[in-house]
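Thanks for making time this morning. I would like to walk you through one structure, so please have the sequence and the model open while I talk.

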Amino acid sequence: MTLMTKFLGAAAVTALTAGAALAEPALIFDLGGKFDKSFNEAAFSGAQRWAEETGETFREIELQSEAQREQALRRFAEAGSNPIVMTGFAFGDALGQVAGDYPETDFVIIGMVVDAPNVRSVVFNEHEGSYLVGIMAAMASKSNTVGFIGGMDIPLIRKFACGYAQGVLAANPDATIVANMTGTTPSAWNDPVKGSELTKAQISQGADVIYAAAGGTGVGVLQTAADEGILSIGVDSNQNYMHPGKVLTSMLKRVDNAVYQAMKDGPGMEKGFNVMGIANGGVGYAMDEFNKDIVSADMKAVVDEASAQIADGTLMVHDYMSDDTCPALSF
Amino acid sequence: MDYMTLIQLLDSTVRLATPLLLACLAGLFSERAGIFDIGLDGKMLAAAFFSAAIAAMSGNVWLGLLAGIAASLALSLLHGLASITFRGNQLISGVAINFLAAGLTVLIAQDWFQQGGRTPSLIGGARFNPITLPFADTIEPMPIIGPLYAELISGHSILVYAAFAAVPLTWWLLYRTRFGLRLRAVGENPAAVDTAGVSVIGLRYAAVCICGVLCGIAGAYLSTALQAGFIKDMSAGRGYIALAALIFAKWRPWYALWATLLFGLFGALETRPDVIEALIGIKVQGQLLGALPYVMTVIILAGFVGKAIPPRAGGEPYVKER
């Protein structure tokens, strides 16, 4: 973001790496911040679970600017951290450059593929999870219009939107989907005011269930949806508790499992391509005491059936990122 | 586009324009007195945090508003201290305030609430709720005027009405009072004001304090009226758009109202790509509308549409002749 924060960040990395000794694992959070109630927070809870179970410690850093990516990676690698886990697709380029320089260190990148012998790439089938919540949205909608609000307009978020749209149309071929992106810069992840305005705009177009895949902006979406008396769908972590009875469900991305597994496997883990989909519990939808009254048994039965079909391969959900097109939605 | 869509669009315009308007008027006071202030965004952010934090802890949004104003005022005084008393560079001081606010808010929020730089969600009396103006329900069924009154004019939080009332008030204060005349003079020719025996320092401090109060209200509006809580960096650069609006408005209060409403309308249109498509028949990228305020400011600055002349002594610390 700035010179000042860069210095502070650099100072923090130096402080962290000062007492380098054993091969502790390290976790690097992306710009959304450690407690984003979403992606990064899920990663943190996975690492926390590992630390509690094993009684060991891990190092962590929250990035403050783009420029710190490579720096943070190198610092941790030079200090002997192993494995180094990072959250977020944006690490792709930095890791691609750094991985080769530290062949002894294992890297784990979540949400992106980096082809190097010492990198485990964990990717999620977000389109599958989004498909499931799309079915629920279509079944819960009374107006036959549902909404989608994305954060920054990047292929990954379009992948969410596309899976969701396919799910909606599978449950109700006549449904209308209103999709908006918050912006094209990283500030689109932290603009709840704009998230609220988009929500109100979608409501005025008839939407009565809105799926937010927008980081901090999503907090504004869920808030406004609850205020206006419509349903919303959370993302990444379970966000049902934020507005009990007003959040239909959350699309779960078990980032925590991926981080936990990586730290448990430790140095010398299996490298390569690791896909977390419905079949291996990597994605799913959230059910708890906060939404059990608004999810009907009928709805649950349909979703679970679709879930089983995706798991055994009889149902294919189109992945936007495979060919940059979406059969169900135009951007 | 039907009438209801238009009303909803304008309603959204008003909501989005309000923080811009308050920040723009804040900048107007400061810059008219010769103190450039690019720290508007930081002050809004600090106010957004403190108003949400105090409202969350006390359950009273008015206490929150006061805390927000106090936080913004403190940063204003810091800016005043650096740029008026110590005659430092006003731009650098403003930048420093932006960084300070961005860092401090998250740090304090994490320390107080342990929710990762957020405040808890505000409920009930800890939020500014929409006000229904008298007779809104009775007038609503009437055609044309009904929705206009009930949807567009009624149903905003009290801060929105305060912001709109601040426009004529600012005009009156600047152009119809002795204080206003002196304030404008201090931004054009501080030496003349000094010769007349009026304190340049005092006037400039008064201006940055008014600026602080207005920014405080703008920040409180973001976190306690539009939203129910603080999220890091939630001002999302609105202070900078307000500065662009200030240049666009050529440092005048009524123009500031129109400029911020125009920028608010761009923001509202950005959320309704379907309306634009229906109106002009082609699909326009939302980002284009988001960039328009800046593009228009550049056009104004380049002198294509009238000329924007800043206060003559703007950015210059005043040094008494030795």
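Let me begin where the two chains meet, keeping in mind that this is a predicted model: here 27 residues of chain A are in contact with 25 residues of chain B. On the side of chain A that touches chain B, at least two residues each come from helix H1 (3–18), strand E7 (176–183), helix H7 (192–204) and helix H8 (217–227), and it is H7 of chain A that gives the largest share, eight residues.

Which residues does A:Leu95 touch, once its neighbours within four places in sequence are left aside? They are A:Leu73, A:Met86, A:Phe107, A:Ile109, A:Val114 and A:Val119.

Staying in chain A, consider A:Gln68, which is placed in helix H3 and counts as buried because it has 23 C-beta neighbours inside 10 Å, where 20 or more are required. Between A:Gln68 and A:Ala94 there are 9.6 Å in space, C-alpha to C-alpha, although the two are 26 residues apart in sequence.

The peptide bond that joins A:Asn82 and A:Pro83 is cis, with omega at about -5°.

Two further residues deserve a careful look at their phi angles. A:Asp324, in the segment after helix H11 (320–323) of chain A, has a positive phi near 60° while being a residue other than glycine. Is A:Asp324 buried or exposed? It counts as exposed, because A:Asp324 has 10 C-beta neighbours inside 10 Å and the limit for that class is 12 or fewer.

In chain B, the residue to look at is B:Lys250, again not a glycine, with a positive phi of about 55°. B:Lys250 sits in the loop between helix H11 (238–248) and helix H12 (253–270) of chain B, and its 15 C-beta neighbours inside 10 Å are why B:Lys250 counts as partly exposed.

Terms used
Residues are numbered from 1 along each chain as its sequence is written. Chains are lettered from A and ligands numbered from 1 in the order in which they are written. This is a predicted model: local features need pLDDT of at least 70, side-chain atom pairs count only at pLDDT 80 or more; totals for chains, interfaces and linings use all residues. Two residues are in contact if their C-beta atoms, placed from the backbone, lie within 7 Å. Helices (H or I, at least four residues) and strands (E, at least two) are DSSP runs, numbered from the N terminus.
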